[in-house]
Amino acid sequence: MSLTSADLGLLIQGLGLTAWMTLWGTLLALALAVPLAFCLRSDRVWINAPARVYVEVMRGAPLVLLLFLLYYGGPQIGLRLSAPAAGIVGLGFFGAGAFAEILRAGLNAVPIGDVEAASMLGINRLKCIVHIEIPQAARTVIPPIFGQTIILVKESAVLSVITIAELTKAASELATITFSVQPFIIAALLYWALVEAIAQVGLAVERHYQIGGH
Amino acid sequence: MPNTEHAISARKVTKIYGTKTVLQDVDLTVDEGEVVCIIGPSGSGKSTLLRTLAFLAPHNGGEIHIFGREIGWNGGAEKKAKQTEKELAEARAPLGMVFQHFHLWPHMNAIGNVALALKLVHGKSASEAETIAFDALKKVGLDEHACKHPHQLSGGQKQRVAIARALAVSPRAILFDEPTSALDPELVGEVLNVMRALANDGMTMVIVTHEMGFAAQAANRVVFMDHGTIVEDGPPADIFGNPHSERLRQFLETSRERAI
């Protein structure tokens with residue numbers, strides 16, 4: 001049997017939720033990743049070690065475990081999050097680990113001499129970070145940041161385990177009702193469309209900030 | 001003892017990387033208005049010495065004064081009392097630095113590179129900073145390229161922008177770390193000409209270089225280093241015409257052979 005327009009509407013809603021959760025999850029992840037990356041680069045052990053532990057834990061654990069802990073385990077320590085909030089926080093904490101490593105690599109790629117030149121001119125650490133290191137690192141990290149965002153879009157499928165009706169959840173529910181694989185095929189196409197859109201934005205941003213040979 | 005007579009004074013400066021001693025008890029003074037070229041084979045410590053003078057490479061022993069003010073440590077390296085970021089910035093303020101690989105900031109155009117510190121450090125407005133930056137670029141003959149980004153400039157032009165960037169904040173002395181070593185041979189001349197003009201203007205300069213011809217013409221003093229120590233220090237006529245040590249004689253011979 002074929003899907004009704006109401007069924008399609010459900011899938012589109014699911015896509016919307018997937019995009020929405022990933023958007024906020026990514027923004028939260030980036031916001032956490034910037035200070036994390038600077039902590040990772042610190043030469044003081046008491047600053048870099050906790051950041052390193054955080055990154056390793058987030059890279060080592062599956063997202064679904066993190067979501068279980070946040071959503072089902074959270075209330076036991078008095079942390080009650082709605083499902084969407086837990087989803088965004090989960091994606092954000094999870095993505096922050098990966099983004100932090102990308103940003104760290106981007107900052108490391110800024111030639112040390114560029115920083116020394118600033119320091120010789122009396123430009124202090126903070127101003128150097130803002131005016132010289134971040135603008136240069138930003139260019140380096142644009143492609144991997146968008147790549148990681150695409151990974152987060154696909155990872156967000158597991159938000160279904162904490163009852164969020166994102167695209168995968170919507171598709172599997174429809175499939176149960178209609179005894180058809182059609183919803184999965186449409187969901188796959190919708191994921192592809194979203195991912196492709198993000199990739200195109202990424203390319204446009206990359207082109208916008210390109211400077212000649214760099 | 002801080003010596004206010006000298007622009008730069010390094011006393012018993014030692015630099016150790018891991019277990020390797022790169023500088024051993026180096027004494028060097030540079031007076032205001034002097035042009036001092038440091039020559040020597042690769043690995044002799046000349047670039048390291050230049051970098052310790054600006055505290056880009058912290059020395060492990062001895063002390064360095066810039067126009068009478070200690071740089072990097074308070075009371076010599078042995079006391080291990082590192083200066084705060086602010087103290088270090090104040091001690092460094094009279095110094096400009098020009099690097100082998102230019103280190104222009106690639107995301108800003110030439111005038112942006114030259115104007116940045118004027119805006120961020122010297123409190124100039126954007127338009128004041130650009131006026132000063134434009135004058136500095138004019139001085140190195142690049143006013144017509146002010147709006148180009150580093151990747152649009154040749155190596156020689158990049159190095160001249162880097163010199164303009166150092167000049168714009170009115171340093172009392174400029175350190176040059178092999179300023180022409182990364183350049184194509186035909187671009188070396190334009191950079192050396194700018195440096196010669198600076199020297200004629202009375203700028204205090206310390207230059208690590210392999211350009212023996214330039215050192216012979218433009219320097220008031222030439223310092224020959226080998227194995228982390230200063231082997232000879234004297235007027236260029238003596239260093240090049242009447243070398244005392246066997247090591248310097250050998251070095252000059254090899255560089256002459258290479259020049260042919």
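**View 1. Packing of helices α1(A) and α6(A) in the predicted model**. Helix α1(A) packs against helix α6 of chain A, which spans residues 125-155, at an angle of about 140 degrees and with the two axes 11 Å apart. Because angles over 145 degrees would count as roughly antiparallel and those from 65 to 115 as roughly perpendicular, α1(A) and α6(A) are described as oblique to each other. In this pair, α1(A) passes α6(A) in a right-handed crossing.

**View 2. Packing of helices α1(A) and α4(A)**. Helix α1(A) also packs against helix α4 of chain A, made up of residues 83-108, and here the angle is about 40 degrees, while the axes lie 5 Å apart. With that angle, α1(A) and α4(A) are therefore oblique to each other, and α1(A) passes α4(A) in a right-handed crossing.

**View 3. A nonpolar surface patch that includes A:Trp24**. The residues A:Trp20, A:Leu23, A:Trp24 and A:Leu27 form a nonpolar patch on the surface, and together they have about 410 Å² of accessible area. One of them, A:Trp24, lies in helix α1 of chain A, which covers residues 5-41. A:Trp24 counts as partly exposed because its relative accessibility is 38%, a value in between the limits of under 20% for buried and over 50% for exposed.

Note on methods: Residues are numbered from 1 along each chain as its sequence is written. Chains are lettered from A and ligands numbered from 1 in the order in which they are written. This is a predicted model: local features need pLDDT of at least 70, side-chain atom pairs count only at pLDDT 80 or more; totals for chains, interfaces and linings use all residues. Side-chain values use heavy atoms; hydrogens and water are left out. Patches are made of residues with over 30% relative accessible area and no salt bridge: like charges are joined within 9 Å, nonpolar side chains (Val, Leu, Ile, Met, Phe, Trp, Tyr) within 5 Å. Accessible areas come from the Shrake-Rupley method with a 1.4 Å probe; for residues, only the protein chains shown count as cover. A salt bridge is a side-chain nitrogen of Lys or Arg within 4 Å of a carboxyl oxygen of Asp or Glu. Helices (H or I, at least four residues) and strands (E, at least two) are DSSP runs, numbered from the N terminus. Buried means under 20% relative accessible area, exposed over 50%, partly exposed in between (1.4 Å probe, protein chains only). Axes are lines fitted to C-alpha atoms, for helices over the stretch in contact, and angles run from 0 to 180 degrees between N-to-C directions. Angles under 35 degrees count as roughly parallel, over 145 as roughly antiparallel, 65 to 115 as roughly perpendicular and the rest as oblique. A crossing is left-handed if the near helix is turned anticlockwise from the far one by less than a right angle, and right-handed if clockwise.
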